[in-house]
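Colleague: Could you walk me through how to read a model like this one? I'd like the general idea each time, and then the case at hand.

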Amino acid sequence: MVVVTLGNPRDKFWGMVLALAPEGLSISGIELASFDDFVVMVKDGEPFSPAVVFFPMHRIERIELDVPDGGLPSLSQRFSSKTGLDPTALLGHPKVDNTDLRTPPSRPPIHSTEDSA
């Protein structure tokens, strides 16, 4: 789990990295400003769909691991303690048309055009 700080416009996003490439970051999660509301929704059993979004690299200012800081629990720990659920289980398996977005598409093997003889 990570916290992503974005610029233009300034925003923060909490979630699970689906893909990181030179072009940008794909993540499944929520805006950090909505974290408390998200916790309440999950705790109350309300249906939700995490956002699966792509941020171009020019917007990304910082990517931080969601880890405890001294005596302060991580967002993942806060989520788990309030809901009893693992956030990676809720955010880590996005599928569209039965395609797992965490798995990069397969590519055909690259064959050399050079003569090996």
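Predicted model: local features only at pLDDT ≥ 70, side-chain atom pairs only at ≥ 80, totals over all residues.

Colleague: Fine. Let's begin with the fold: how many helices and strands does the chain have?

Modeller: There are three helices and seven strands. Going along the sequence, they come in the order β-β-β-α-β-β-α-α-β-β.

Colleague: On to charges. How many salt bridges does the structure hold?

Modeller: The cut-off to remember is a side-chain nitrogen of Lys or Arg within 4 Å of a carboxyl oxygen of Asp or Glu. Here the structure holds three such bridges. One of them pairs Arg10 with Glu61, with the closest N and O atoms 2.4 Å apart. The pair links distant parts of the chain: Arg10 sits in the loop between strand 1 and strand 2, while Glu61 is in strand 5, 51 residues apart. Both Arg10 and Glu61 are exposed.

Colleague: What does the salt bridge between Asp36 and Arg78 tie together?

Modeller: In that bridge the closest N and O atoms are 3.4 Å apart. Asp36 belongs to helix 1 and Arg78 to helix 2, so the bridge ties together parts that lie 42 residues apart in sequence. Asp36 is partly exposed at 45% relative accessibility, and Arg78 is partly exposed at 28%.

Colleague: And where do Arg62 and Glu64 come in?

Modeller: Their side chains meet in a salt bridge too, at 3.4 Å from N to O. Arg62 counts as partly exposed, with 49% relative accessibility; Glu64 is also partly exposed, at 27%.

Colleague: Which side chain does the Asp66 side chain make a polar contact with?

Modeller: That would be the side chain of Ser76, at 2.6 Å. Leaving aside neighbours within four places in sequence, the contacts of Asp66 include Met1, Val2 and Trp14, along with Ser74 and Leu75.

Colleague: Last topic, the surface. Which residues make the nonpolar patch?

Modeller: To join a patch, a residue needs over 30% relative accessible area and no salt bridge, and nonpolar side chains are joined within 5 Å. Val17, Leu20, Met57 and Ile63 make a nonpolar patch of about 320 Å². Val17 comes from strand 2 and is partly exposed at 34% relative accessible area. Met57 comes from the loop between strand 4 and strand 5, and is partly exposed at 33%.

Colleague: What does Met57 touch beyond the residues up to four places away in sequence?

Modeller: Met57 touches Leu20, Ala21, Pro22, Glu23 and Gly24.

Conventions
Residues numbered from 1 in each chain as written. Heavy atoms only, no water. Patch = residues over 30% accessible without salt bridge, like charges linked within 9 Å, V, L, I, M, F, W, Y side chains within 5 Å. Areas by Shrake-Rupley, 256 points an atom, 1.4 Å probe, with all protein chains shown as cover. Helix = DSSP H or I, 4+ residues; strand = E, 2+ residues; numbered from the N terminus. Buried < 20%, exposed > 50% of the residue type's maximum accessible area, 1.4 Å probe, protein only. Polar contact = N/O pair within 3.5 Å; in protein donor to acceptor, adjacent residues only side chain to side chain. Contact = heavy atoms within 4.5 Å.
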